[in-house]
Amino acid sequence: MSAHHAPDWVPHRSGTGSKDDGILATWLGLLSFTFFYGTFLAANVYLRGWAPDKFTVDFGANADLPALTTICLLVAGFVVLLAGSFFRNNQYKKFQGTMIIAVLAFFGYAVLQMWLLVDAYYLGTAAWTTHLALYSLQFALALVDIIFILLIGKHFAERNEKALRRLVPAAMSVFMYTVLLGILTLVVTDMITVGQFASWCGEKLSAIAK
């Protein structure tokens, strides 16, 4: 019967509602995570300001490790941005290739994050208090990114375009969130500005070129 069909004036939402709901749910989840993560970040800043002699962590021989980890994360973020552009333009072969590079980049980031985690553990109580929770949560976020990429790969292999249209936008939100959180953490916990970080990158690249 015609009673089962919506009138012509009702907006047609087929194929978009679940995607929008998924993105909304993702961002609500990220918002909750931000408050949780922000607690440890604020504690880091407070403790280093309250007792700098005790809580300012010296990474010694691994002093460059936080910046190197962030550079790896920036590379991963650039690659997934490129992949998202290919997906939006239906260039699926290029999308597949960039996602393979992205999973390698995020895997490298997870390894470096684990290195930081272990390093902070062996640096003693002050490093545990200020950095261990932050590095643990960043490592967990890196694992979530890798899982998202593997899920995208699974749906891509199954040619499940409907699932990809729902998953890719939500995954992109998590990827970009990971990148922004990594930059913010580097700037706040290492007390450097974005300009200082860029200058440090320039010095390292010049040293490599020589």
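Hi everyone, let me begin with a term: a residue is buried when its relative accessible area is under 20%, exposed when it is over 50%, and partly exposed in between, using a 1.4 Å probe and protein chains only. By that rule, 40% of the 210 residues of this chain count as buried.

A word on where this comes from. This is a predicted model, so local features need pLDDT of at least 70 and side-chain atom pairs count only at pLDDT 80 or more, while totals for chains, interfaces and linings use all residues. Residues are numbered from 1 along each chain as its sequence is written, and side-chain values use heavy atoms, with hydrogens and water left out.

Now the overall picture. The chain has seven helices and zero strands, where helices (H or I, at least four residues) and strands (E, at least two) are DSSP runs numbered from the N terminus. Contact here means heavy atoms within 4.5 Å. Of the contacts with a separation of 6 or more, 79% are between residues 24 or more positions apart.

Helix H4 has 31 residues and reaches 45 Å, close to the 45 Å expected.

What about the loops? Asn-90 sits in the loop between H3 and H4, and its phi is near 60 degrees, a positive value in a residue other than glycine. Asn-90 is partly exposed, at 45% relative accessibility. Just after H4, Gly-124 also has a positive phi, of about 110 degrees. Then comes Arg-159, in the loop between H5 and H6, with a positive phi of about 55 degrees although it is not a glycine. Arg-159 counts as exposed, at 66%. For background, most residues other than glycine have a negative phi.

Next, please find helix H6, residues 161-189, and look at Thr-178 within it. Is Thr-178 buried or exposed? Thr-178 is buried, because its relative accessible area is 1%. Its side chain makes a polar contact of 2.9 Å with the side chain of Asp-145. A polar contact is a pair of N or O atoms within 3.5 Å; within protein, one must be able to donate a hydrogen and the other to accept it, and residues adjacent in sequence count only if both atoms are side-chain atoms. Setting aside residues up to four places away in sequence, Thr-178 touches Leu-73, Tyr-109, Leu-141 and Asp-145.

Thr-189 is in helix H6 too, and counts as buried at 8% relative accessibility. Which backbone oxygen does the side chain of Thr-189 reach? That of Thr-185, at 2.5 Å. Beyond its neighbours within four places in sequence, Thr-189 is in contact with residues including Leu-41, Arg-48 and His-131.

I'll finish with the surface. The chain has an accessible surface of about 12,400 Å², and 69% of that belongs to carbon and sulfur atoms. These areas come from the Shrake-Rupley method with a 1.4 Å probe, and for residues only the protein chains shown count as cover.

Conventions: Expected span 1.5 Å × (residues − 1).
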